[in-house]
Amino acid sequence: MSRAHDFARERLSGIPRIFAVDATAGNGHDTAFLAELAGTEGKVAAFDVQPEAIEATRTRLAKNGLGRNVELFLCGHEKMAETLGVEWHGNVNAVFFNLGYLPKGDHAITTLPATTLRALDAAWEMLAAGGFISLTVYTQHPGGFEESARVAVWLEKMRSRAEILTCGVHNPIEPWWAGIVK
Ligand SMILES: C[S@@+](CC[C@H](N)C(=O)[O-])C[C@H]1O[C@@H](n2cnc3c(N)ncnc32)[C@H](O)[C@@H]1O
């Protein structure tokens, strides 16, 4: 979603050493975008549960001359806190979530409410002050609407602690997006 990229470009500009996490690497579009923004000084960690997604991300990075600042984890994003080293904790500037299934992959393997919510909480804890979560939610695939509803409740809970920007709301048809700033 270009909304997410525009938001990230705006918020990350001027940060000398960017720490960014792509919680759902998929085909690597967001990982490549974050790797480019992070440059030689910054670091990107990307998670996915599917080997195909990790491979697709690796290939995209290589094709674009990116990847030297990226670590790929074949691992659920709900384990990000225990997977990432101490230098990440409290220092993360951006965490991208792009929920749903791997486009051109197995549509039956999707993000799931319980692990998504655990990962959102973990991501929030790892953020630096001023850091943000970019959350893109798709609702049309099986289970997507239910996941969206759970995420919308989580978002409401965050309103007292976070600055929240949204583009769209929980609904059965259109994808929606939220930027959650610490
Ligand atoms: C919509 S795709 C992501 C698209 C990606 N952002 C891109 O730029 O191409 C969602 C991805 O989430 C992955 N996924 C599902 N459950 C996950 C989990 N627990 N942890 C990490 N990734 C997961 C899927 O395998 C799928 O590749």
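Helices are taken here as DSSP runs of at least four residues, numbered from the N terminus, and the angle between two of them runs from 0 to 180 degrees between N-to-C directions. The structure under discussion is a predicted model. Two packed helices are described by the angle between their axes and the distance between the axes.

The account may begin with the packing of two helices. Helix α2 spans residues 29–38 and helix α3 spans residues 51–63; their axes lie 9 Å apart and meet at an angle of about 40°. That angle makes α2 oblique to α3, and α2 passes α3 in a right-handed crossing. On the α2 side the contact is formed by His29, Thr31, Ala32 and Ala35, and on the α3 side by Thr57, Arg60 and Leu61. Sorted by class, the residues of this contact comprise three nonpolar, three polar and one charged.

Helix α2 also packs against α1. The axes of α1 and α2 come within 11 Å and cross at roughly 20°. Angles under 35 degrees count as roughly parallel, and α1 is therefore roughly parallel to α2. This crossing, too, is described as right-handed. Here α1 contributes His5, Ala8, Arg9 and Leu12, while α2 contributes Asp30, Phe33 and Leu37. The contact of α1 with α2 contains four nonpolar, one polar and two charged residues.

The surroundings of α2 extend beyond these two helices. Seven of the 10 residues of α2 are buried, and the helix is mostly covered. The buried positions are Asp30, Thr31, Ala32, Phe33, Leu34, Ala35 and Ala38. The buried residues of α2 pack against the helices α1 (2–12) and α3, and against the strands β1 (19–22), β2 (43–48), β3 (70–74) and β4. Just after α2, Gly39 takes a positive phi of about 65°.

Those strands lead to the sheet. Strands of a sheet pair through backbone hydrogen bonds, either parallel or antiparallel. In this model seven strands form an open sheet with mixed pairing, in the order β3-β2-β1-β4-β5-β7-β6. Strands β3 and β6 (163–167) stand at the edges and have a single partner strand each, so one side of each is left without a neighbour in the sheet. From one strand to the next the twist averages 15°.

Two of the pairings can be followed residue by residue. Strands β1 and β2 pair in the parallel sense over four bridges, and Phe19 has Lys43 of β2 as its bridge partner. Strand β4 (residues 92–98) runs parallel to β5, to which six bridges join it; Ala94 has Phe132 of β5 as its bridge partner. Strand β5 covers residues 127–137, and nine of its 11 residues are buried, so it is largely enclosed by the rest of the structure.

Helices lie across this part of the sheet. Helix α1 lies across β4, β5, β6 and β7 (176–181), and runs at about 170° to β5. Helix α6 (residues 144–158) lies across β5, β6 and β7, running at about 30° to β7.

With a relative accessibility of 2%, Leu99 counts as buried. Beyond its sequence neighbours up to four places away, Leu99 touches Thr111, Thr116, Leu135, Thr136, Val137, Tyr138, Glu147 and Val151. Leu99 and Glu125 are 26 residues apart in sequence, and their C-alpha atoms are 20 Å apart in space.

Thr116, one of the residues touched by Leu99, lies in helix α5 (residues 113–126). Its relative accessibility is 0%, and Thr116 therefore counts as buried. With residues up to four places away in sequence set aside, Thr116 touches His77, Leu99, Thr111, Glu147 and Val151.

Lys104 also lies in the loop between β4 and α5. Lys104 has a positive phi of about 65° although it is not a glycine.

Methods. Residues numbered from 1 in each chain as written. Predicted model: local features only at pLDDT ≥ 70, side-chain atom pairs only at ≥ 80, totals over all residues. Heavy atoms only, no water. Parallel < 35°, antiparallel > 145°, perpendicular 65-115°, else oblique. Left-handed = near helix turned anticlockwise from the far one by under 90°. Contact = heavy atoms within 4.5 Å. Nonpolar A, V, L, I, M, F, W, Y, C, P; charged D, E, K, R; others polar. Buried < 20%, exposed > 50% of the residue type's maximum accessible area, 1.4 Å probe, protein only. Pairing = 2+ DSSP bridges.
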